[in-house]
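Q: Please take one part of this model and go through it closely. Then set that part in its wider context.

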Amino acid sequence: MTQRLIIDGCLRRSGFTLEVQLDIGLDQAVGLQGATGAGKTTLLRIMAGLEPGFIGRLQCGDSVWHDSAKGVSLPAHLRRLGVVFQDARLLPGRTVEHNLVFAVQRSPSKFTDLQLATLVRDFYIDGLLDQQVDTLSGGERQRVSLVQALLTRPQLLLLDEPLSANDSEHRWQVAARLSDWLREQEVPLIYVSHSADELHLLTRKILKLEAGQIVAQGPTSDMLKLISAHASLPATVLEVNETSGRVMLRLEQSRGISGISGLSPGDRICVSHQLEQDLDVGASLQPQTQQDE
Amino acid sequence: MSADLQTVWLTVLLASVTTLMLLFLATPLAWWLANSASRLRSIVESLVAMPLVLPPTVLGFYLLVLLNPDSFLGGLWVRATGDSLTFSFSGLVIASVIYSLPFMVQPLQSAFRAVPMSVRESAAVMGASPRDCFFSVVLPLSRRGFLTGMVLTFAHTIGEFGVVLMMGGNIPGETRVLSIAIYEHVETLNYDAAHVLALGLMSFSFLSLWLVYRVAGRGAEVVRG
């Protein structure tokens with residue numbers, strides 16, 4: 001049976017009200033989209049049990065996490081979550097390794113050493129283990145925080161722009177690893193991002209928030225308004241992942257693609273491709289308009 | 001001189017017992033003060049800070065009234081232990097704990113406040129209960145607050161005079177602490193003996209404060225990263 005996440009309630013603050021009725025299946029990873037200040041982070045914090053002002057009901061699977069009417073509120077530490085906050089907070093004054101150990105010690109079941117080593121390598125933090133967290137760059141902090149979240153063996157993963165500070169190469173590789181990991185471990189995901197390409201890769205469904213309300217929801221491909229087109233794009237294969245069947249490609253630059261409208265110079269687009277037998281690339285292009293930050 | 005050595009030993013013992021007791025009493029109190037949104041907080045804060053502004057004689061006077069064997073509390077103690085709380089070492093410990101309370105509570109309170117809520121939240125979502133979070137996250141980050149509080153409490157208790165005089169008197173081996181001994185040496189015009197003790201206290205106070213500022217200074221650098 002599909003686990004469902006049900007939220008019905010509101011949070012009032014001076015100048016801002018979040019009001020949400022929501023019932024989504026957690027078998028598909030969910031993206032949260034919306035302008036800054038729309039309430040994405042607040043909604044995640046409500047799910048995590050960090051907003052004491054939330055009035056209403058919140059249920060994840062069989063367990064009721066919050067029910068104001070019955071005076072029930074499961075504290076954050078019992079919800080078995082993995083969270084990456086926007087500011088990728090780590091425990092200060094400790095090394096990366098200590099931070100990871102902190103998470104492992106509180107995880108209900110342990111990983112094997114091999115799994116740990118793989119995880120640390122896959123998310124490009126194997127060289128950072130002895131470093132004090134205060135010396136890390138923004139992207140490094142985010143990756144450590146992400147691994148920390150995965151290590152707690154969460155029943156629900158809440159990620160708030162977890163890759164935004166990474167350079168584009170790391171961002172892609174880490175997003176791809178994350179996607180593999182989620183499929184392998186079957187962990188439900190709620191993913192906040194401004195980046196259409198991350199949402200496209202990681203989520204199957206998108207909720208759009210505006211001024212504290214959910215204004216639209218639908219499959220990711222519809223919500224991102226993917227434009228389908230066929231084009232031959234010469235590319236170099238960078239990496240082949242045998243288990244997931246994922247292939248990393250570098251597309252050659254400055255190639256013309258015809259048959260797509262609605263684009264103008266300077267637009268950032270996302271190309272998703274499926275390799276066909278003859279190694280032509282079927283591409284769907286999607287304009288990623290600049291969102292106001 | 002051996003009488004003065006006994007005095008030094010008694011004073012150090014009093015300061016140690018007081019510091020240890022305050023460590024356990026002030027930690028939960030400071031934690032509550034650092035986190036509470038209750039209206040009671042400002043009242044409790046004021047009460048805790050009272051010994052900073054109150055003349056020690058006033059504090060000593062009320063303690064004498066409250067704890068003497070004829071009073072309710074003092075009487076209970078006499079029946080339970082057979083000892084008086086006034087003019088005794090146990091009485092001095094109680095007096096010192098109250099007298100030095102702000103010196104332990106305030107550094108701890110600011111240390112606890114300096115631990116960002118965000119850090120506690122991230123510990124919580126990783127599965128750390130509030131208790132777990134306090135011991136494994138907050139305490140290590142508050143090390144400097146604890147050191148400052150302990151050094152200040154110890155040093156402050158070492159220099160106690162007015163409260164002791166009011167409710168402890170001057171009983172060698174029981175209540176005669178350093179500052180009382182100095183007072184007595186001066187009264188009897190024994191300036192040489194007074195000099196030895198006074199200079200000792202001066203150096204000790206300087207060293208304690210220097211330690212506190214050194215630790216605090218290094219803390220600031222670490223925070224700046």
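A: Two residues count as in contact here if their C-beta atoms, placed from the backbone, lie within 7 Å. By that test, take the contacts in chain A between residues at least 6 apart in sequence: 64% of them join residues at least 24 apart. The model is predicted.

The part for the close look is helix H5 of chain B, residues 89–113. Start with its packing. Two packed helices are described by the angle between their axes and the distance between the axes.

From H5(B) come B:Ser96, B:Ser100, B:Phe103, B:Met104, B:Pro107, B:Leu108, B:Ser110 and B:Ala111. From H8(B) come B:Arg144, B:Gly145, B:Phe146, B:Thr148, B:Gly149, B:Leu152, B:Thr153, B:His156 and B:Thr157. By class, the residues of this contact between H5(B) and H8(B) are 7 nonpolar, 9 polar and 1 charged.

The contact of H1(B) with H5(B) holds 19 nonpolar, 5 polar and 1 charged residues.

Next, the contact between the chains. Chain B gives 14 residues to it, and chain A gives 19. On the side of chain B, helix H6 (117–125) and helix H7 (130–141) are the elements that give two or more residues. H6(B) gives the most, with 7 residues. That side of chain B has 8 nonpolar, 5 polar and 1 charged residues.

Across the contact lies chain A. It has 7 helices and 16 strands. Of its 293 residues, 35% count as buried.

Then the cores. The largest nonpolar core has 69 residues. A:Ala48, A:Val147, A:Leu158 and A:Tyr191 touch the most other members. Helix H4 of chain A (residues 138–151) provides the largest share of this core, 6 residues. Leaving aside neighbours within four places in sequence, A:Leu158 is in contact with A:Leu44, A:Met47, A:Ala48, A:Leu81, A:Val83 and A:Ile190. A second, separate core has 38 residues, among them B:Trp77, B:Ile158, B:Val164 and B:Leu178.

Two backbone details remain, one per chain. In chain B, B:Leu189 has a positive phi of about 60° although it is not a glycine. B:Leu189 is found in the loop between helix H10 (178–187) and helix H11 (191–224). It has 8 C-beta neighbours inside 10 Å, and so counts as exposed. In chain A, the phi of A:Tyr124 is near 55°, also a positive value in a residue other than glycine. A:Tyr124 sits in the loop between helix H3 (113–122) and H4 of chain A. A:Tyr124 is partly exposed, with 17 other C-beta atoms within 10 Å.

How values were computed:
Residues are numbered from 1 along each chain as its sequence is written. Chains are lettered from A and ligands numbered from 1 in the order in which they are written. This is a predicted model: local features need pLDDT of at least 70, side-chain atom pairs count only at pLDDT 80 or more; totals for chains, interfaces and linings use all residues. Axes are lines fitted to C-alpha atoms, for helices over the stretch in contact, and angles run from 0 to 180 degrees between N-to-C directions. Helices (H or I, at least four residues) and strands (E, at least two) are DSSP runs, numbered from the N terminus. Ala, Val, Leu, Ile, Met, Phe, Trp, Tyr, Cys and Pro count as nonpolar, Asp, Glu, Lys and Arg as charged, and the others, Gly among them, as polar. A residue is buried if 20 or more other C-beta atoms lie within 10 Å of its own, exposed if 12 or fewer, and partly exposed in between; C-beta atoms are placed from the backbone. A nonpolar core is a set of buried Ala, Val, Leu, Ile, Met, Phe, Trp, Tyr and Cys residues joined through C-beta atoms within 7 Å.
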